[in-house]
Amino acid sequence: MRPASPEPAHIAIFAKAPVAGTAKTRLIPALGAAGAARLHRQLVRHAVATAHTARLGPVSLWCAPDIAHRFFRALAVTTGVPLHVQHGEHLGERMHHALSTLTATAPTLLIGTDCPMLDATMLQDCANALRHGDDAVFLPAEDGGYALVGLRQPQPDVFRDIDWGSGAVMAQTRDRLREGGLHWSEPATVWDVDRPQDLARLRRSALLAAR
């Protein structure tokens with residue numbers, strides 16, 4: 001008898017339009033506005049490719065401020081990834097909107113594009129955590145945020161009263177998880193590319209060399 005196929009999981013990717021001057025702004029002093037936008041495009045393509053390589057289920061790209069940018073349109077054509085608009089006043093609301101939409105049909109992993117070390121195996125491990133009963137799964141980032149959140153069902157309170165963009169995001173999120181009596185796991189801690197000092201690490205890793 002053939003073993004049952006694993007429960008599918010959505011992967012949602014959050015991405016800003018790669019507009020020079022508004023994309024990866026903290027890297028502009030090191031790369032210039034055009035260079036920062038160019039790196040952002042590489043990171044988005046890398047995230048989409050990694051999500052497809054994981055073969056967990058549907059992959060979708062959630063765009064800000066909208067889906068009109070030609071980069072998003074071209075990516076949809078070349079990769080087949082469907083485009084959605086992020087909705088909400090702040091990051092927590094936008095993540096809740098996407099997760100509540102997708103968890104209606106399957107457990108969902110939501111990632112950004114700033115963490116090139118996030119690979120297919122990590123995504124599979126996070127999906128397995130949800131399949132095996134965790135309410136939530138996170139990949140904390142070294143800077144105090146997180147690179148992935150996964151949920152089995154909507155949990156709006158997880159995103160309540162968080163100082164988005166600060167180094168306290170993951171710690172405050174753990175407080176919300178405890179307050180809600182949720183069981184969660186953190187399979188790995190990762191690093192992302194946000195500041196000029198992260199660029200040397202990115203170059204040493206050669207993670208984007210094939211993209």
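Student: Starting with cysteine 126, is that residue buried or exposed?

Tutor: Cysteine 126 counts as buried, because its relative accessibility is 0%. Buried means under 20% relative accessible area, exposed over 50%, and partly exposed in between, with a 1.4 Å probe and protein chains only.

Student: What kind of model is this, and how are residues numbered?

Tutor: This is a predicted model, where local features need pLDDT of at least 70, side-chain atom pairs count only at pLDDT 80 or more, and totals for chains, interfaces and linings use all residues. Residues are numbered from 1 along each chain as its sequence is written, and side-chain values use heavy atoms, with hydrogens and water left out.

Student: Back to cysteines. How many disulfides are there?

Tutor: The count is zero disulfides, where a disulfide is a pair of cysteine sulfur atoms within 2.5 Å. For cysteine 115, the nearest cysteine sulfur is that of cysteine 126, 10 Å away, and cysteine 115 is in no disulfide. Cysteine 126 is in no disulfide either, its nearest cysteine sulfur being that of cysteine 115 at 10 Å.

Student: And cysteine 115, buried or exposed?

Tutor: Cysteine 115 counts as buried, because its relative accessibility is 10%.

Student: Let's zoom out. How many helices and strands does the protein have?

Tutor: The protein has six helices and seven strands. Helices (H or I, at least four residues) and strands (E, at least two) are DSSP runs, numbered from the N terminus. Along the sequence they follow the pattern β-α-β-α-β-α-β-α-β-β-α-β-α.

Student: How much of the protein is buried?

Tutor: Of its 211 residues, 46% count as buried. Contact means heavy atoms within 4.5 Å. Among contacts between residues at least 6 apart in sequence, 64% join residues at least 24 apart.

Student: Which residues of helix H3 are buried?

Tutor: In H3, those are Gly92, Met95, Ala98, Leu99 and Leu102. They line one face of the helix, because seen down the axis of H3 they fall within an arc of 135 degrees. That arc is the one formed by the directions from the helix axis to the C-beta atoms.

Student: What covers them?

Tutor: The cover for the buried residues of H3 includes strand S1 (10–16), strand S2 (59–64), strand S4 (108–111) and strand S6 (146–151).

Student: Where does histidine 10 lie?

Tutor: Histidine 10 lies in strand S1, and it counts as buried at 10% relative accessibility.

Student: Which residue's side chain does histidine 10 join in a polar contact?

Tutor: The side chains of histidine 10 and threonine 105 make a polar contact of 2.8 Å. A polar contact is a pair of N or O atoms within 3.5 Å; within protein, one must be able to donate a hydrogen and the other to accept it, and residues adjacent in sequence count only if both atoms are side-chain atoms. A polar atom of the histidine 10 side chain also lies 3.5 Å from the backbone oxygen of leucine 102.

Student: Last topic, helix H6. Which residues there are buried?

Tutor: In H6 (residues 198–205), Asp198, Leu199 and Leu202 are buried. Seen down the axis of H6, they fall within an arc of 100 degrees, so they line one face of the helix. What covers them includes helix H1 (28–54).

Student: Which exposed residues sit on the face turned away?

Tutor: Arg203 and Arg204 are the exposed residues on the face of H6 turned away from its buried side. Just after H6, alanine 206 takes a positive phi of about 55 degrees.
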